[in-house]
Amino acid sequence: MLGRSFNRNLNRTWGFIEERAGIPKWELRPQPEFTFKPSYWTGAFVVNAFLYQVVSGLLLLLYYQPSTNPTFTACGQAVGQISAAPAAWCSTYYIINSVPMGSLLLSSHLYGAYAMIFLLLVHFYRGYYLGVYKKPREFSWMVGSLLLLMTLGMGFTGYLLPYTQLSYNATQVGIVLALRLPTVGPLTGPFILADGTGQELLSRMFAAHVLLIPLALGALLYAHIALFESHGIAPPATSDPRQRRTYTAKDDEKHVPFWPHIFFYMTKWALLYIGLLFGIAALWPWQLSTYVGNLTAAQQVTEPDWYFLWEFKLVDFAGVTPVIAIGASTAILLFILFLPFLDRSPRTHPRDRPFFVFVGNSLMGFFLIMTVWGGLTPGVQIPASQVALRLVPIFLVNAVVVAAFYVRYQRSYRARLRARERALRLPGIYSPAAPLPPAAPAIAARPPGGGPPEATP
Ligand code: HEM
């Protein structure tokens with residue numbers, strides 16, 4: 001009740017502003033009312049997180065110096081006895097200790113990166129399990145996969161920037177792995193490493209982090225959202241192969257304009273996100289570890305951020321060379337990229353896709369266990385017997401659970417569907433011999449700005 005009168009007032013106020021200011025109609029498409037649940041907007045949460053990274057990153061740029069020279073004078077004043085530290089590290093130290101709210105800014109940028117990757121994984125897995133990559137959203141999925149790669153690239157390149165011994169060692173391991181990529185490795189190696197000095201590496205990581213990858217990410221995001229605009233949000237998953245994932249006329253009857261409703265809905269979540277991020281950053285500020293070249297750091301363990309721990313652990317396995325590790329990661333990436341062309345069945349509900357549910361669960365279990373393992377025993381070699389003991393149960397238990405659900409679903413759910421079809425005198429979806437009736441009219445695309453939808457046969 002309250003929500004409805006709020007929406008009416010919002011409409012009236014926004015209409016007044018648009019009319020008096022002569023603002024052209026906002027182009028993003030309206031959305032059906034059923035989408036006003038956070039689960040439909042996981043991608044928009046990633047956009048929020050990305051925007052926060054851009055703003056906080058630009059503020060950090062005001063103080064950060066991408067140099068390995070120990071010439072940053074403010075560092076001498078702030079750090080005193082360790083003024084020989086590289087400027088990149090010193091300027092980070094300066095941001096934390098001398099810039100007003102600098103610690104909050106830096107910590108929230110770092111935790112914001114973790115949050116963005118976490119939200120991205122939620123967005124990815126939601127799409128995976130609900131089959132949103134199926135016709136007509138194949139390109140949305142493929143562009144999304146490239147966004148995943150770019151986001152991980154942002155994490156990788158940003159890790160070196162404070163120029164701590166820890167981040168330097170981990171970046172070296174990552175680069176050794178990346179250089180083993182067939183064809184791409186030897187081609188890009190000279191560009192990344194240049195003359196092999198720390199300064200050259202830092203300069204390239206800096207340029208990639210603040211310019212090249214954000215530009216690519218921005219362009220891909222534009223394409224991703226443009227594709228979303230043309231297909232509309234994916235309706236709920238269904239077992240009905242006749243219902244392709246386009247709007248039904250009924251769903252489209254009730255839709256809500258982007259301005260100002262969806263915008264305010266997202267703003268609410270964005271404010272909550274920033275509040276949480278600040279709270280965590282204020283309570284647990286990030287600690288800067290020691291700088292590159294500090295002799296006391298010689299014994300330090302080499303460890304990446306949590307989202308690359310699984311890859312580092314993989315290299316610790318007996319018999320897994322960097323080539324095998326990077327080959328396995330490339331295979332996973334290619335599987336994700338081409339998934340829409342591998343899972344060709346028209347059904348979107350997870351209970352109809354046991355094989356792909358099994359693969360998704362197995363990947364999730366594998367990443368989780370490898371991440372925890374990598375965090376607990378970084379750099380510790382693992383014999384083959386241990387690998388089998390820890391990893392094989394994930395796949396076995398998963399196969400049994402998915403198979404059990406599938407068999408149960410075959411018996412009960414399909415039986416109920418058949419009974420309902422008989423009661424409604426519908427031709428059976430689950431009796432293959434019966435011819436399929438024509439699909440219900442669906443709305444293929446709504447012109448931007450919310451004009452009347454076009455019905456397709
Ligand atoms: C930086 C990373 C990403 C951003 C900012 C992003 C953003 C978005 C946004 C704003 C939407 C509109 C619907 C929603 O809010 O959920 C969306 C939809 C979609 N995204 Fe992403 N995305 C990203 C990565 C990915 C990845 C990694 C995948 C999968 C590999 C993916 C696949 C899709 C698909 C298939 C849709 C259409 C879903 C629907 O219509 O409900 N995206 N994305």
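Among contacts in the protein between residues at least 6 apart in sequence, what share joins residues at least 24 apart? The share is 76%. This is a predicted model. The protein has 457 residues, and 27% of them are buried. It holds 16 helices and five strands.

**Helix 5 and the loops on either side**

- Helix 5 has 28 residues, and at 1.5 Å a residue it should span 40 Å.
- Met 101 sits in the loop between helix 4 (87–97) and helix 5. Its phi is positive, near 60°, in a residue other than glycine.
- Met 101 counts as exposed because it has 12 C-beta neighbours inside 10 Å, and the limit for exposed is 12 or fewer.
- After helix 5 comes Gly 131, which also has a positive phi, near 60°.
- The loop between helix 5 and helix 6 holds Pro 136. The peptide bond from Lys 135 to Pro 136 is cis, with omega about 10°.
- For background, most peptide bonds are trans, and most residues other than glycine have a negative phi.

- Tyr 163 lies in the loop between helix 6 and helix 7 (165–179). Its phi is positive, near 55°, and the residue is not glycine.
- Is Tyr 163 buried or exposed? Tyr 163 is buried, because 28 other C-beta atoms lie within 10 Å and 20 or more are enough to count as buried.
- The largest nonpolar core has 39 residues. Tyr 163 is one of the five that touch the most other members, with Trp 89, Leu 160, Leu 202 and Met 205.
- Helix 4, helix 5, helix 6, helix 7 and helix 9 each give two or more residues to this core.
- Another core, of 15 residues, lies apart from the largest one. Phe 45, Ala 49, Phe 50 and Tyr 128 are among its members.
- Leu 202 touches Pro 66, Thr 68, Ala 88, Leu 160 and Tyr 163, leaving out residues up to four places away in sequence.
- In soluble globular proteins, nonpolar side chains tend to be buried together.

**Ile 382**

- Ile 382 is in the loop between helix 15 (354–376) and helix 16 (384–424).
- Ile 382 has 17 other C-beta atoms within 10 Å, so it is partly exposed.
- Which residues does Ile 382 contact, leaving aside neighbours within four places in sequence? They are Asp 316, Phe 317, Ala 318 and Val 387.
- Gly 319 is 63 residues from Ile 382 along the chain, yet their C-alpha atoms are separated by 9.6 Å.

Technical notes
Residues numbered from 1 in each chain as written. Predicted model: local features only at pLDDT ≥ 70, side-chain atom pairs only at ≥ 80, totals over all residues. Helix = DSSP H or I, 4+ residues; strand = E, 2+ residues; numbered from the N terminus. Expected span 1.5 Å × (residues − 1). Contact = placed C-beta atoms within 7 Å. Core = buried A, V, L, I, M, F, W, Y, C linked by C-beta atoms within 7 Å.
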